[in-house]
Amino acid sequence: MTDNSTNDTEQQRTLPPKRSGVPFLGSAVSFARDPYTFYEDLATRGDIVRFSMGSTELAAVFHPSDIKQVLVEEVERYRKPADARGVDILSEGLLLSDGERWRQQRKRLQPLFYQDRIEAYAETMGTYAAASADEWAASDGAVDLTEVTSAYTLRVLGKTLFGIEAEKHRQAIRAGAEAIRERSSESPVAVDVPKWVPTPSNRRYQRGIAELETVINDLLADRSADTDGNDLLSLLIAATDDDGNGPTAGEIRSQLATFLFAGHETSASALTWALYELGRSPDVADRLRNEVDEVVDGPYARVPDLPALEYTEQVIQETLRRYPPAAAIFRETDTGVSLGGYRLPKDTYIVLPQFYVHTDERWWDDPLEFDPSRWDRISDPPGNRPEYAYFPFGGGPRHCIGMRFARMELKLALATIARHCHVDHRYETIDVDIGSTVSPAEPIEVRFEQRDTTGK
Ligand code: HEM
């Protein structure tokens, strides 16, 4: 008979298995080539596996109960990575701040996302979706799905949180978002090159960030924006007036950049994949359309329609499973920890890869199939699946502050677009690019065909 207590203690002293990569470059090369296969290979070695990318040592965590331990149960033992992945414009914002500073920021910004505030944004989400769908259908040829969905989500974000018509800033915000995306998608080998070295990638990054800075300067200069005083910037400025303990000028700029980035690229990515799947799966599109025609009475979906849009919800759930917009969550151990029976020293860099866990065969049948009907018993999650086998918005105290905003926006937009048009394209498959968001590896050209809904 084995002495379990001795074994446990013994195991806890063991570091997780390590995948050895190509010397010097570590594992970055194979990750860049094919992230899914790379992670699949890692996962064959255990539920926690160490590997290196450039000069960074990481540990990937695959088991949902260990993921829950990091995000929820032992949250105080982990921190946001200090290097901020080379994106300093975001470093003082909510996404990357930590400790007491993060707690204050989160408390200050939470009112923007109370349920009644979110519901007040619904009208904008619905009407803008109807106008966008008609515009896409009226365009002569095919449209680039990533372009048009990001124009839509940016317009919504601009209006609801910033009180502005974001259209005129779109190119500059896209350039900034693209710079951030590219920087955080690059292998750490490239990030290791200091930002002042004028490589083409560093020049592109600096140009993109400079454009984003211009928009932020405009927003700060133009306080005449159409606002009821409850927008993001007003909240931040009001907090400064309090007792001098509010956000610094640098923090306000960082916060604006954070929301401009985190608040539209992720939702645009989800909407892109959902529409791509509608064009690829006639059965899914038919079922969605039938539901929408039954429930939505008028040109766009509204808050009272939401509970009855059950299948629409399933399509979104499935999109966020198969193509989780935030590909992975990163943490660093703040102390030595014991996780999944292993020992991880202080300052270990940790990856919680949604994109892999959401397609792990242990929890999902036919994981690469896009099948919204797997959520048919949606009122009864997660069945016999562990809770953190699905975590598109993260978990615990640092879960996405925009979760309810994004869920409502996606549901209203998808229902409204399906009410207005058919999606038509010829792609069998599209490769997935794993960066700071999960995005299509090539532009998806799509035709939107206006539906005749008279008499419905
Ligand atoms: C489908 C859309 C979205 C997805 C999948 C998503 C995903 C996530 C995830 C996974 C995190 C946690 C990151 C971590 O733990 O390190 C996060 C945090 C965050 N998200 Fe989202 N997000 C979405 C939409 C939005 C929107 C619409 C906004 C703003 C309006 C937003 C703003 C933020 C912010 C500010 C944080 C940091 C929160 C904190 O640390 O307190 N996100 N998001």
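1. In this note, Ala, Val, Leu, Ile, Met, Phe, Trp, Tyr, Cys and Pro count as nonpolar, Asp, Glu, Lys and Arg as charged, and the others, Gly among them, as polar. On that basis, the shell around the ligand holds 18 nonpolar, 6 polar and 4 charged residues. The structure under discussion is a predicted model.

2. The ligand is surrounded by 28 residues, of which the closest are Lys80, Trp102, Arg106, Arg331 and Cys400. Both domain 1 (1–73 + 327–391) and domain 2 (87–321 + 398–456) contribute at least three residues to this shell.

3. The side chain of Trp102 places an N or O atom 2.7 Å from an oxygen atom of the ligand, and for the side chain of Arg331 the corresponding distance is 2.8 Å. At Leu94 it is a polar backbone atom that lies 3.4 Å from a ligand oxygen. Two or more shell residues come from each of these elements: helix H5 (99–109), helix H8 (145–162), helix H13 (249–262), helix H14 (265–280), strand S5 (329–333) and helix H18 (403–420).

4. Which protein atom is the donor of the iron atom of the ligand? The only one is SG of Cys400, at 2.3 Å. Cys400 sits in the loop between helix H17 (354–357) and H18.

5. Val432 belongs to strand S10 (residues 432–434). Is this residue, Val432, buried or exposed? Val432 counts as buried because its relative accessibility is 17%, and the cut-off for buried is under 20%. Leaving aside residues up to four places away in sequence, Val432 touches Tyr36, Trp273, Tyr323, Val438 and Ser439. The C-alpha atoms of Val432 and Asp34 are 9.5 Å apart, although 398 residues separate the two in sequence.

6. Asp347, in the loop between strand S7 (342–344) and strand S8 (349–352), has a phi near 70 degrees, a positive value in a residue other than glycine. Asp347 is classed as partly exposed because its relative accessible area is 43%, which falls between the 20% and 50% limits.

Key:
Residues numbered from 1 in each chain as written. Predicted model: local features only at pLDDT ≥ 70, side-chain atom pairs only at ≥ 80, totals over all residues. Heavy atoms only, no water. Near = heavy atom within 4 Å. Polar contact = N/O pair within 3.5 Å; in protein donor to acceptor, adjacent residues only side chain to side chain. Helix = DSSP H or I, 4+ residues; strand = E, 2+ residues; numbered from the N terminus. Domains from an automatic or database assignment. Donors = N, O, S within 2.8 Å, 3.2 Å for Na, K, Ca; no water. Buried < 20%, exposed > 50% of the residue type's maximum accessible area, 1.4 Å probe, protein only. Contact = heavy atoms within 4.5 Å.
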